[in-house]
Amino acid sequence: CMLDVYTKFGQGGGLQCTANDVSLANAANINVTDNGCAFPGDSVTFTADFQVVVTAGERHDVGIYFSLDGDPNGDGAYTGDCLVSTPPYAPAPTPTNPRLFWDLDGT
């Protein structure tokens, strides 16, 4: 998933996820919107507000990737099926400006 996005929109070189300058710190206002986990291997659909902590003033391509396939590869959302969420400052992509990710200051 994350690797697929990088490969499609990346600037070359390898994907590096080692800076640890953006982290997901907390989930609040969690609202389960389906019947929840009814049995082992079941999934859950929910909405939540996530607190993101940053230690860098300039960081591009900020996205929070959630694995949707149970992580059979053991690599989080690096490969496989996932959902990406961007911080709220990110403008929505448009046909004339299709950028998916922005710097932390929105540029």
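**Surface patch, core and disulfide of a predicted chain**

Val44 is found in the loop between S1 and S2. Helices (H or I, at least four residues) and strands (E, at least two) are DSSP runs, numbered from the N terminus. The model is predicted: local features need pLDDT of at least 70, side-chain atom pairs count only at pLDDT 80 or more, and totals for chains, interfaces and linings use all residues. Residues are numbered from 1 along each chain as its sequence is written, and side-chain values use heavy atoms, with hydrogens and water left out.

The protein chain holds one helix and four strands. From the N terminus on, these elements run α-β-β-β-β. The chain has 107 residues, and 17% of them are buried. Here buried means under 20% relative accessible area, exposed means over 50%, and partly exposed lies in between (1.4 Å probe, protein chains only). The chain exposes about 7500 Å², and carbon and sulfur atoms supply 54% of that area. Accessible areas come from the Shrake-Rupley method with a 1.4 Å probe; for residues, only the protein chains shown count as cover. Contact means heavy atoms within 4.5 Å. Among contacts between residues at least 6 apart in sequence, 45% join residues at least 24 apart.

Val44 belongs to a nonpolar surface patch of about 620 Å². Patches are made of residues with over 30% relative accessible area and no salt bridge; like charges are joined within 9 Å, nonpolar side chains (Val, Leu, Ile, Met, Phe, Trp, Tyr) within 5 Å. A salt bridge is a side-chain nitrogen of Lys or Arg within 4 Å of a carboxyl oxygen of Asp or Glu. Strand S1 (22-32) and strand S2 (46-54) each supply at least two residues of the patch. S2 gives the most, with four residues.

Leaving aside neighbours within four places in sequence, Val44 is in contact with Val32, Asp34, Gly36 and Cys37. Cys37 counts as exposed because its relative accessibility is 55%. Val44 and Thr33 are 11 residues apart in sequence; their C-alpha atoms are 8.0 Å apart in space. Ile30 lies in strand S1. At 56% relative accessibility, Ile30 counts as exposed. Thr47 sits in strand S2. At 43%, Thr47 counts as partly exposed. Beyond its neighbours within four places in sequence, Thr47 is in contact with Asn29, Ile30, Asn31 and Thr33.

The largest nonpolar core has seven residues: Cys1, Met2, Tyr6, Leu15, Tyr65, Ala77 and Cys82. Such a core is a set of buried Ala, Val, Leu, Ile, Met, Phe, Trp, Tyr and Cys residues joined through side-chain atoms within 4.5 Å. Apart from neighbours within four places in sequence, Cys1 is in contact with Tyr65, Ala77, Tyr78, Thr79, Gly80, Asp81 and Cys82.

A search of the whole structure finds one disulfide, defined as a pair of cysteine sulfur atoms within 2.5 Å. Cys1 and Cys82 form this disulfide, with their sulfur atoms 1.4 Å apart. The pair links distant parts of the chain, 81 residues apart. Cys1 is in the segment before helix H1 (2-9), and Cys82 is in strand S4 (residues 82-85). The torsion about the S-S bond is about -45°, so the disulfide is left-handed. Both cysteines, Cys1 and Cys82, are buried.
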